[in-house]
Amino acid sequence: MKSINNRTIAAIATPKGAGAIAVVRISGEARDAILGKTFKTAKASLIKPRRPVLGSVIDKDGTILDNVILTTFDAPNSYTGENTAEFSCHGSPYITGRILETLLSAGAETALPGEFTQKAFLNGKLDLVQAEAVSALIASDTEKARHAALQQLSGGLSAKYNEIRQKLIELLATAETQIDFSEEELPPLNKTAFKKSIDIILTETAKLTKSYKGGRIISEGFRIALIGPPNAGKSSIFNALCNSERVIVDEHPGTTRDLIEETISIDGYRITIIDTAGIRETDNRIESIGIDRAKAAASESDLILNIIDATQTSTSAAYYSFISNCTTPSINVCNKCDIADSPATVLPISAHTGKGFDALKKAIVAAIPEADSDGEHAIMTSARQNEALRKTETALKELSDKIEQCGEEVIAQYLREALAGIGEITGHTTDDDILNHIFSNFCIGK
Ligand SMILES: Nc1nc2c(ncn2[C@@H]2O[C@H](COP(=O)(O)OP(=O)(O)OP(=O)(O)O)[C@@H](O)[C@H]2O)c(=O)[nH]1
Ligand SMILES: [Mg+2]
């Protein structure tokens with residue numbers, strides 16, 4: 001296969017389906033040759049970079065496929081850093097398909113998922129952190145996710161990583177100089193000062209890993225399991241939270257068996273709520289499987305709504321023993337407060353009247369870890385980046401602890417490990433496999 005930068009690629013950049021306008025784009029060295037065969041306008045001199053021009057796409061037999069607006073961008077001032085062109089055509093999947101076909105027969109190759117962005121990365125238009133932000137921005141479905149992705153795209157997070165990387169390179173250079181020169185030529189390494197510098201870097205990495213607590217929730221969502229004894233109204237609360245009759249509600253206890261998930265947004269946070277089977281002693285095999293799943297959901301979630309029933313004076317021993325041993329943070333909620341009083345220590349709500357739901361939503365938001373607690377907007381939202389930064393942190397922590405016993409060569413080795421972690425994040429030392437994996441998760445045409 002040709003190297004990615006030698007390929008002139010084409011793809012439909014807009015989603016499948018009919019729309020007012022669709023965009024087909026190409027990028028690469030062969031752009032002008034391909035345009036020469038496929039695009040006709042009143043005067044060829046009208047085609048100038050960044051100037052939309054009206055014309056027609058013609059197939060190899062000279063048949064006009066559509067009237068389009070063509071916008072060209074010349075290297076290096078384009079998204080990919082190469083010569084690119086975008087056809088804004090009429091949004092019919094048939095038309096976009098024919099235009100793509102024509103571009104391919106004129107010499108373009110089909111773009112792989114994320115290949116436009118991969119070219120942008122290889123041409124130095126974006127670093128890997130920014131490239132991942134493009135994907136996060138496309139996937140963003142809440143205000144928080146959009147904001148974090150845009151911050152990441154504008155380079156704030158990359159700047160933090162690069163600062164850390166730069167400091168590590170300086171320390172490594174100092175340690176390596178010591179290795180290269182003898183004791184007579186150079187005074188010994190000042191280990192106290194060296195350790196201090198490492199500890200400063202560690203406070204920086206700690207800020208970032210701390211931001212991931214909230215960042216993970218922005219990217220993956222905050223998971224809340226609705227847990228309670230049978231008939232407490234879990235499914236009714238679930239429906240009220242997602243504003244639809246999504247799950248079955250019935251007066252018969254033991255209605256819900258499977259876990260049912262729905263994603264909702266509260267105050268710009270993406271929240272996944274999970275309806276579960278009521279927890280009790282049972283001889284019913286299927287109900288019992290449901291209860292095991294409910295218990296697993298409770299321990300794997302970020303938060304539990306512990307839902308009790310205002311009309312019941314006591315809780316079953318099975319439920320009480322489970323909930324009192326569960327370590328997931330919880331909000332205690334008493335449902336059906338429209339027909340019975342609730343104990344003073346729990347939040348009274350009614351799935352039927354909506355009473356208490358504003359307070360419930362406030363309590364949920366208050367339980368979500370804050371993402372930009374340092375106020376600097378450098379929020380890490382990617383599991384991949386978090387994992388790689390942990391490698392840097394582990395190496396630096398070990399070095400900081402053991403520095404007194406370490407010779408310069410061992411110190412340099414630890415620093416190289418730390419650098420490998422951060423380089424994996426920024427793309428300086430990222431394996432091709434990891435790169436391909438990252439870009440393969442993009443959509444085609446981006
Ligand atoms: N009065 C009143 N009844 C409610 C309220 N919430 C639920 N119910 C009733 O309580 C019964 C059980 O409701 P569900 O939502 O199915 O309860 P559940 O906890 O999901 O029950 P299981 O799935 O069987 O564990 C139904 O008859 C509901 O109409 C409420 O706020 N007020
Ligand atoms: Mg239910």
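**Figure 1. Burial and overall dimensions of the protein chain in the predicted model.** Of the 446 residues in the protein chain, 40% are buried. The chain contains 14 helices and 13 strands. Along the principal axes, its C-alpha atoms fill a box of roughly 80 × 80 × 40 Å. The radius of gyration is 29 Å, whereas a compact globule of 446 residues would have a value near 22 Å. Among contacts between residues at least 6 apart in sequence, 67% join residues at least 24 apart.

**Figure 2. The largest nonpolar core and the surroundings of Leu226.** The largest nonpolar core comprises 100 residues. Ala10, Ile99, Ile224, Leu226 and Ile227 are the residues with the most contacts inside this core. In soluble globular proteins, nonpolar side chains tend to be buried together. Beyond its neighbours within four places in sequence, Leu226 is in contact with Lys234, Ile237 and Phe238, with Ile273, Ile274, Asp275 and Thr276, and with Leu305 and Ile307.

**Figure 3. The residue shell around ligand 1.** The shell holds 24 residues, of which Gly233, Ser235, Ser236, Thr256 and Gly278 come nearest to the ligand. Helix H8 (residues 234-242) supplies the largest share of the shell, namely three residues. By residue class, the shell consists of 12 polar, seven nonpolar and five charged residues.

**Figure 4. Helix H13 and the elements that cover it.** Helix H13 (residues 408-426) has 19 residues and should span 27 Å at 1.5 Å a residue; its end C-alpha atoms are 26 Å apart, and the two values therefore agree. The buried residues of H13 are Ile411, Tyr414, Leu415, Ala418, Leu419, Gly421, Ile422, Gly423, Glu424, Ile425 and Thr426. The cover over these buried residues includes helix H4 (128-139), helix H6 (156-180) and helix H12 (383-402). Gly427 follows H13 and has a positive phi, near 100°.

**Figure 5. Asp267 in the loop between strands S9 and S10.** Asp267 is located in the loop that joins strand S9 (260-266) to strand S10 (269-275). This residue is classed as partly exposed because 13 other C-beta atoms lie within 10 Å, a count between the limits of 12 or fewer for an exposed residue and 20 or more for a buried one. Asp267 and Lys361 are separated by 94 residues in sequence, and their C-alpha atoms are 8.7 Å apart in space.

How values were computed. Residues numbered from 1 in each chain as written. Chains lettered and ligands numbered in written order. Predicted model: local features only at pLDDT ≥ 70, side-chain atom pairs only at ≥ 80, totals over all residues. Near = placed C-beta within 6 Å. Helix = DSSP H or I, 4+ residues; strand = E, 2+ residues; numbered from the N terminus. Nonpolar A, V, L, I, M, F, W, Y, C, P; charged D, E, K, R; others polar. Expected span 1.5 Å × (residues − 1). Contact = placed C-beta atoms within 7 Å. Core = buried A, V, L, I, M, F, W, Y, C linked by C-beta atoms within 7 Å. Rg over C-alpha atoms; globule rule 2.2 N^0.38 Å.
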